[in-house]
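Trainee: I would like to go through this model by question and answer. Please show it before we start.

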Amino acid sequence: MLHLILFLVFGAICVAGAVNLLVQRHPINGALSLVVVMGSLAAEYLLLGAEFVAAVQVIVYAGAIMVLFVFVIMLLNAGVEERTTGSRVALLFGVPGMLIGSLLIAWVLISRSGTEAVAVGALPGPPRIMGWLLFHEFLLPFEVTSILVLIAIMGAVVLAAKPPSTAPTPRED
Amino acid sequence: MVPLSYYLVLSGILFACGVTGFLIKRNIISIFMSIELMLNGVNLSFVAFAAHWHALSGQIFVFFVMVVAAAEATVGLAIIIAVYRTRETLNVDQVNLLKL
Amino acid sequence: MSIGTFILVSVIKIVIALFVLLTAVAYSVWLERKVVGHIQNRWGPTRVGPFGLLQPLADGVKFLFKEDLTPPHVYKPLYIAAPMIAVVFALTSIAVIPIGNWVKIGGLSIPLQITDVNISLLIVLGVTSLGVYGVALSGWSSNNKYSLLGGLRASAQMVSYEIALGLSLVGVLIMAGSFSLRDIVDAQGGRFLGFIPRWNIFQGQIVGFLIYLIAAYAETNRIPFDLPEAETELVAGYHTEYSAMKFAMFFMAEYANMITVACLATLLFLGGWRGPVFGPPILQALLPVFWFVAKVFVFMFIYIWVRGTLPRFRYDQLMAFGWKFLLPLAIANLMVTALIVALKS
Amino acid sequence: MTANLHLWLIPLLPLTGAAINGLLGKKFSRPVVVAIALFFCGAAFADVLWVAAQFAALAKPHIEVVAPWIRAGSFQADFGFYLDQLSLVMLLVVTGVGFLIHIYSVGYMWEEGGFYRFFAYLNLFMFFMLTLVLASNYLLMFVGWEGVGLASYLLIGFWFTKDSAAAAGKKAFIVNRVGDFGFLIALFLLIKHFDSLNFQTLAQSIAPLAPETAGAGLLTSAALLLLVGACGKSAQIPLYVWLPDAMEGPTPVSALIHAATMVTAGVYMVARSHVIFERAPAALTVVAIIGTLTAIFAATIGICQTDIKKVLAYSTISQLGYMFLACGVAAFSAGIFHLMTHAFFKGLLFLAAGSVIHAVGGEQDMRKMGGLRTKIPWTFWTMTAATFAIAGIPPFAGFFSKDEILWRAYQASWAYWLIGVFTAFLTSFYMFRLWFLTFFGEYRGEQTGDAQEEPAQTGMSAPHDHAHGHGGIHESPKVMLVPLVILAVLSIIGGWLGVPGSLGGKNRFDQFLGPVFRSSAPAINNSHANAGETAPPEQQTEGREPETGHSTELIFTGISVTAALLGLYLAWLLYQSRPQLPQQIAHVLGGFYNAVANKYYVDELYSVLFVKPLVDGSARLLWHGVDQNVIDAALNDSADGAREVSDVVRQMQSGNLRSYAGWIAAGAAAVITYMIWMGVK
């Protein structure tokens with residue numbers, strides 16, 4: 001019971017944040033609402049017994065990635081987005097398609113899936129076991145992702161580095 | 001006790017919100033955040049299934065998703081900065097030179 | 001214990017913890033002013049009460065009654081929310097920090113800790129990493145170039161140093177094999193060679209400890225890493241536009257963070273509340289707490305000491321130091337530790 | 001089969017030389033090029049000699065499979081090398097004569113442009129020729145076969161800036177293709193019926209078969225098709241037309257490829273396929289007839305030619321005719337014998353002719369020569385040896401081989417013999433005509449040989465190869481004379497290998513090659529096929545020869561010698577003592593003379609029969625009809641269609657991110673709908 005209540009509460013917060021992300025016109029509000037979504041998702045993970053995932057969700061997503069977003073928003077001083085009408089396709093095809101798809105899926109989920117419940121903390125994922133899995137069964141993906149991250153770092157450095165010709169970097173001090 | 005389908009519906013809603021955001025947002029950064037939203041929705045279903053089938057691999061996959069998301073965020077934001085530096089706009093409707 | 005008593009106990013503990021923490025914050029401010037004063041050959045606060053002991057109280061009153069003015073052209077919601085975010089996250093992280101062993105009060109044994117989750121360390125890290133939003137948002141929302149720069153610097157610097165910080169902790173985690181702070185402290189029990197306690201700092205984690213210390217200073221925007229609020233460059237950084245209680249919140253957040261970091265360092269590297277325990281039961285119950293507080297005090301003192309003596313980094317120096325020196329060092333430390341542990345087992 | 005001779009080394013050496021010279025030669029100085037070419041060619045020769053030394057100890061045939069090549073189902077053709085008496089003889093001839101001609105070329109081509117190119121081609125030719133000779137199956141043989149075709153094409157067109165040379169090269173190539181077509185079909189036949197191209201397996205599977213005396217069967221058709229290929233390569237009727245034109249190439253090339261080695265590949269191939277031919281009497285007859293006709297036909301043409309090289313070319317064709325005649329009467333060893341001797345004296349003749357041309361400064365018209373006897377003695381004497389050899393005057397090499405052939409031909413049918421003898425007479429006539437015209441009488445050419453010159457300088461940027469010392473007629477340099485002398489010696493003594501029994505010899509050559517051919521000869525009245533292997537050669541020879549004894553053979557020998565001497569006398573009469581006679585004769589004969597002088601208008605005939613229809617047909621029907629209206633049209637229309645469609649479709653690529661997202665979403669919706677629908681069903 002408690003579980004259900006908590007689920008509903010955090011789920012509501014989630015959806016609220018997501019919708020807010022849609023309606024907010026200023027990116028920074030969007031970012032914050034996304035942070036809210038992530039926080040409540042972490043709570044959901046806790047409810048599902050995935051404490052470690054929850055923690056990582058908070059640290060990596062909310063604590064690092066979103067900070068990066070906020071940082072960029074501040075850096076570019078992104079203002080309120082103007083409502084240009086660049087693409088009719090998105091509205092004519094995209095939104096209906098999205099609606100149809102999601103409705104269908106929802107219907108299938110409701111109709112097909114039985115009501116077998118997920119217990120609170122049904123599967124405690126102790127970090128020890130996760131680490132074991134990561135370094136045994138999923139070793140290859142793990143290493144590959146590490147390489148991916150390395151590449152991403154280099155790519156970011158290359159991309160964001162100011163071309164010397166356009167603007168000479170001013171001295172910091 | 002919460003039925004599995006609830007979690008799935010929730011993740012579906014999040015994903016749909018992400019798609020919608022991608023479709024209706026004009027600001028590149030917002031669009032990017034919508035992508036993150038979709039990823040989160042997927043993650044939720046991953047964890048839910050992991051709890052449902054008592055298989056930890058679902059949670060492992062969440063990690064991989066997160067790592068990929070982090071990489072994507074770094075590169076993507078760098079690209080955004082580069083775009084802004086050259087086009088001086090963040091509106092995707094005005095960044096449309098890549099066409100025939 | 002029943003759910004009722006659980007809630008009751010929890011509430012009591014929370015109230016106590018909050019009270020203690022806020023007092024500690026207030027008096028660490030006082031301590032700082034005193035120590036820095038003496039370092040600079042001044043007296044520091046002396047007027048209010050003996051040795052100016054009541055100074056914090058007076059400051060609090062002053063903050064409370066000052067006019068809380070909101071400059072025009074600020075983005076109000078965030079402008080108001082930012083300090084709250086900062087202080088809330090700063091205070092939250094104390095919830096999982098154990099300050100002593102279990103104590104028995106009237107039959108039920110209570111951990112000296114608001115709640116004991118087995119990933120408490122991660123929670124602390126997460127919460128503190130969320131703390132950056134307060135700084136960043138305040139800097140951005142107050143629509144002021146100095147504040148914006150401060151906010152940018154804060155967020156960049158915190159994200160950068162968080163990595164080194166986390167990596168420096170992994171060594172300890174490997175040795176303890178758990179995320180629970182309590183387990184980590186338990187893992188540091190006993191002593192070798194008869195007299196040297198098995199604290200991680202003595203178990204080869206000295207490098208990790210130093211990395212942690214430096215990164216922690218950067219995380220809390222303290223000198224020598226206080227770029228976000230560098231008076232000489234940005235008037236007061238991200239909280240330039242803030243006054244009265246909001247400003248006080250930032251202040252509290254900063255010092256609360258300092259305390260949290262100090263507690264963490266104590267728990268992770270200095271064996272937490274471990275120390276010579278003797279005497280009657282009541283003393284045996286209180287001594288660990290005393291040891292803990294003593295160690296934390298030492299850390300606070302070092303904080304202030306450093307602030308009083310070190311100059312400020314340049315921003316590029318800061319970044320270069322964090323990415324090009326601290327991070328590789330942390331990785332190396334992690335590798336060595338892992339290797340040793342692997343060879344031992 | 002125990003001993004490993006590393007036969008693959010033999011072809012590989014020249015290939016290496018060709019590769020080095022061909023790829024890097026441009027940078028090299030001429031001495032370096034020469035060194036490389038000669039070294040690798042000589043190394044091949046040395047290797048062959050070594051192999052020959054080992055040969056006696058070998059089990060025959062000696063087969064070495066180097067690497068698998070094609071293995072499809074039960075069919076398999078490998079990079080295998082097949083060494084027996086036959087291929088050994090060929091090896092010795094090819095590498096030996098080839099090496100000598102390499103040396104000769106150094107002097108002859110020294111002033112040419114594209115020096116390195118020439119030697120690269122020459123080495124390449126050696127490689128392919130040796131592959132052809134050594135191949136252990138028809139497929140690899142075919143590779144060599146085509147390869148020599150290519151090499152000859154390249155070398156004929158060596159002065160490719162000269163139209164006639166290029167045209168000649170193309171002609172040779174195309175005419176050869178006709179022959180190869182037959183060859184290929186023969187191979188397909190063999191694969192289909194015997195599922196193998198290996199000489200050994202084929203021999204084993206064919207040997208038991210009875211000769212197809214009544215009616216033409218599989219073997220006959222295969223044999224005939226092989227014969228077509230052989231005709232193409234060895235310039236037999238009707239495919240001989242390319243060889244005279246091939247004289248556009250440098251003289252050493254004519255000597256090596258179009259006299260000594262390549263053109264004899266056809267004979268070799270027929271001999272190699274003797275198992276098949278022996279069981280197809282009809283095909284054998286055809287071979288014999290073709291050989292005979294070609295022999296006399298070419299000989300008659302040769303009489304009227306004035307270009308020294310053309311004369312030699314036609315004599316080559318007619319000599320090849322002799323070889324085919326030999327094969328046709330199942331006297332393969334005789335054919336190979338003549339092949340060898342012919343390689344000697346004909347190679348020598350060409351080289352000497354080249355030396356003559358060299359001497360008179362590029363003049364090729366015999367009417368402008370004469371009286372060179374004293375001026376270039378070395379060339380004269382060597383040429384003399386060769387001439388006597390080809391004329392079949394004892395004891396020169398040609399005599400023995402030709403006599404052997406004639407004798408065996410007589411045993412088959414007196415007609416062959418008659419024509420053969422007459423051809424022998426013609427041969428000696430036109431050869432001595434050449435001899436007299438060139439070396440005796442007065443010198444009829446201008447002092448400066450600029451009239452119509454060796455194609456060297458025309459078109460080629462390089463200085464004319466005989467530009468040096470045009471003051472007068474001069475002997476060729478040593479490097480050219482040495483091969484002449486060696487070959488002269490060979491063409492004198494070369495025949496003594498096969499002195500027939502009638503002259504008190506025991507025809508060692510025939511015995512040597514015996515095992516190859518006799519082993520599989522179908523025994524009379526269908527007794528089991530390979531009795532020959534056990535029985536000693538002599539007895540076998542007796543068994544195969546009819547009871548006509550040595551006396552008759554001697555008589556015939558006498559006759560053929562007489563014919564040769566008659567030709568000599570006639571030539572002396574017409575071109576030495578009474579030089580004005582030929583014109584009168586030409587007048588008397590009139591039209592016939594013209595026909596002969598114009599090579600019976602065969603080229604014209606072919607161009608009317610085949611070339612024109614082909615060209616017109618391909619131009620009208622294939623080019624304008626099929627190519628332009630069908631293929632090109634289809635391509636263009638499809639391309640236009642694609643462009644129009646994409647013009648419409650590319651509107652989707654608006655460059656707007658959100659539009660793309662919209663498409664993606666729509667597509668995803670479609671996929672989901674489909675999946676769910678399928679799931680529901």
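Trainee: Which pattern does chain A follow, read along the sequence?

Mentor: This is a predicted model. Chain A has six helices and one strand. Read along the sequence, these elements of chain A follow the pattern α-α-α-α-β-α-α.

Trainee: Of the contacts in chain A between residues at least 6 apart in sequence, what percentage join residues at least 24 apart?

Mentor: Chain A has 173 residues, of which 40% count as buried. For contacts in chain A between residues at least 6 apart in sequence, the share that joins residues at least 24 apart is 59%.

Trainee: Chain A also touches chain C. Which helix gives the largest share of the side of chain C that touches chain A?

Mentor: The contact takes 21 residues from chain C and 18 residues from chain A. On the side of chain C that touches chain A, α4 (120-141), α5 (145-176) and α10 (315-344) of chain C each supply at least two residues. By class, that side of chain C has 15 nonpolar, four polar and two charged residues. Its largest share, nine residues, comes from α4(C).

Trainee: In chain D, are α3(D) and α4(D) roughly parallel or roughly antiparallel?

Mentor: Helix α3 (residues 85-109) of chain D and helix α4 (residues 115-134) of chain D have axes that come within 10 Å and cross at roughly 175 degrees. Angles over 145 degrees count as roughly antiparallel. Therefore α3(D) and α4(D) are roughly antiparallel.

Trainee: How many residues of the contact of α3(D) with α4(D) are charged?

Mentor: On α3(D) the contact residues include Met90(D), Leu91(D), Val94(D) and His102(D). On α4(D) they include Phe115(D), Phe118(D), Leu122(D) and Met126(D). The residues of this contact of α3(D) with α4(D) divide into 12 nonpolar, four polar and, for charged, none.

Trainee: How many residues of α15(D) are buried, and which residue with positive phi follows the helix?

Mentor: α15(D) is largely enclosed by the rest of the structure, because 28 of its 28 residues are buried. The residue that follows α15(D), with a positive phi near 75 degrees, is Gly361(D).

Key:
Residues numbered from 1 in each chain as written. Chains lettered and ligands numbered in written order. Predicted model: local features only at pLDDT ≥ 70, side-chain atom pairs only at ≥ 80, totals over all residues. Axes fitted to C-alpha atoms, helices over the stretch in contact; angles between N-to-C directions. Helix = DSSP H or I, 4+ residues; strand = E, 2+ residues; numbered from the N terminus. Parallel < 35°, antiparallel > 145°, perpendicular 65-115°, else oblique. Contact = placed C-beta atoms within 7 Å. Nonpolar A, V, L, I, M, F, W, Y, C, P; charged D, E, K, R; others polar. Buried ≥ 20, exposed ≤ 12 C-beta atoms within 10 Å, placed from the backbone.
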